[in-house]
Amino acid sequence: MNKYIAPSLLAADFGNLQRDIEMINNSKADWFHIDVMDGVFVPNISFGMPVIKAIKEHAKKTMDVHLMIVNPDKFISDFKKVGADILTVHYEACPHLHRTVQTIKAEGMKAGVSLNPHTPIAVLEDIIEDLDLVLIMSVNPGFGGQSFIENTYKKVQQLQALIEFSGSKALIEVDGGVTDQNIEQLSEVGVNAFVAGSFVFKSENPTNTIANLKDLVSP
Ligand code: DX5
Ligand code: ZN
């Protein structure tokens, strides 16, 4: 099973964004993780379409876009236009999740659904077969640099069981507080994709930190 490292640009230096994008291009990272926050679904605002479009002009890897916004349906085709490859919405923000997921796929993107730390895996039972990815939040969304919630391991195991039982091909991604201290255990319980923001960008040598994370999860 492939393992993907997805550095989160939320922790990049926005004054030197092109430099940080090139660093990721030339590293062992697999995806660009792009956090969109609207100040309504989460208590923070990050960035929107013009910035994502600018990122796409330089980024040479998969664009993994994580929407922490209400009403994502309004913007699905816009996110496709600015370069999203994977588009993940929050379960808690989508009353008509089935329709939202189908729209994302019809636009030609991979569809992901994210769960907040308190949302049980069981809510995905009737949608799991339609998903390309499930993003389990291992912190409360809104900010980088928070500590990892230990209950995440249990949720990953439950999700893994649901995926096997249903025959779904969904990848499991974990986001928040990922470091070299928990990435191996996460990988062992079944995580495929690992988002890391502060741990990468606050380190002395982000390229080496990414390589180290990748080596810890790749056989
Ligand atoms: C949090 C975001 C994360 C964040 C992770 O709401 O979804 O992607 O950037 O940051 P770290 O790795 O610093 O916890
Ligand atoms: Zn994220």
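## A histidine in strand 3

His 66 sits in strand 3, which covers residues 62–68. Strands here are DSSP runs of E of at least two residues, helices are runs of H or I of at least four, and both are numbered from the N terminus. His 66 is buried, because 28 other C-beta atoms lie within 10 Å. The cut-offs are these: buried takes 20 or more other C-beta atoms within 10 Å of a residue's own, exposed takes 12 or fewer, and partly exposed falls in between, with C-beta atoms placed from the backbone.

Which residues does His 66 touch? Setting aside neighbours within four places in sequence, His 66 is in contact with His 33, Ile 34, Asp 35, Val 36, Thr 88, Ser 114, Leu 135 and Asp 175. Contact means that two C-beta atoms, placed from the backbone, lie within 7 Å.

## About the model

This is a predicted model, in which local features need pLDDT of at least 70, side-chain atom pairs count only at pLDDT 80 or more, and totals for chains, interfaces and linings use all residues. Residues are numbered from 1 along each chain as its sequence is written, while chains are lettered from A and ligands numbered from 1 in the order in which they are written.

## The overall fold

The protein chain has eight helices and eight strands. Its radius of gyration is 16 Å, close to the 17 Å that the globule rule gives for 219 residues, so the chain is as compact as a globular protein of that length. That radius is taken over C-alpha atoms, and the rule is 2.2 Å times the number of residues to the power 0.38. Along its principal axes, the C-alpha trace spans about 45 × 35 × 30 Å.

How much of the chain is buried? Of the 219 residues, 44% count as buried. Take the contacts with a separation of 6 or more: residues 24 or more positions apart account for 65% of them.

## Two annotated aspartates

UniProt, in an unreviewed entry, marks Asp 35 and Asp 175 as "active site". They are spread over 141 residues of sequence, yet they cluster in space, with a largest C-alpha distance of 10.5 Å. UniProt positions follow the numbering used here, feature names are shortened, and annotations may be inferred rather than shown by experiment.

Asp 35 is found in strand 2. Asp 35 is buried, because 24 other C-beta atoms lie within 10 Å. Beyond four places in sequence, Asp 35 is in contact with Ser 8, Leu 10, Ser 46, His 66 and Met 68. Asp 175 lies in strand 7, residues 171–175. Asp 175 counts as buried because it has 25 C-beta neighbours inside 10 Å. With residues up to four places away left out, Asp 175 touches His 66, Leu 135, Met 137, Ser 138 and Val 195.

## Around ligand 1

The shell around ligand 1 holds 22 residues, and the closest are Ser 8, Pro 141, Gly 144, Gly 197 and Ser 198. A residue is near a molecule if its C-beta atom, placed from the backbone, lies within 6 Å of it. Strand 2 (31–37), strand 8 (193–196) and helix 7 (198–201) each give two or more residues to this shell. By class, the shell has nine nonpolar, eleven polar and two charged residues. Nonpolar covers Ala, Val, Leu, Ile, Met, Phe, Trp, Tyr, Cys and Pro; charged covers Asp, Glu, Lys and Arg; the others, Gly among them, are polar.

The unreviewed UniProt entry also lists a "binding site" whose residues include Ser 8, His 66, Gly 144, Gly 177 and Ser 198. Gly 177 lies in the loop between strand 7 and helix 6 (183–189). Gly 177 counts as buried because it has 23 C-beta neighbours inside 10 Å.

## The nonpolar core

Which residues have the most contacts inside the largest nonpolar core? They are Val 65, Leu 87, Val 134 and Phe 194, in a core of 69 residues. Such a core is a set of buried Ala, Val, Leu, Ile, Met, Phe, Trp, Tyr and Cys residues joined through C-beta atoms within 7 Å. Beyond four places in sequence, the contacts of Phe 194 include Ile 5, Ala 6, Val 174 and Leu 213.

Val 156 belongs to helix 5, residues 152–166. Val 156 counts as buried because it has 23 C-beta neighbours inside 10 Å. Among the residues it touches, beyond four places in sequence, are Ile 136, Ile 172, Val 174 and Leu 186.
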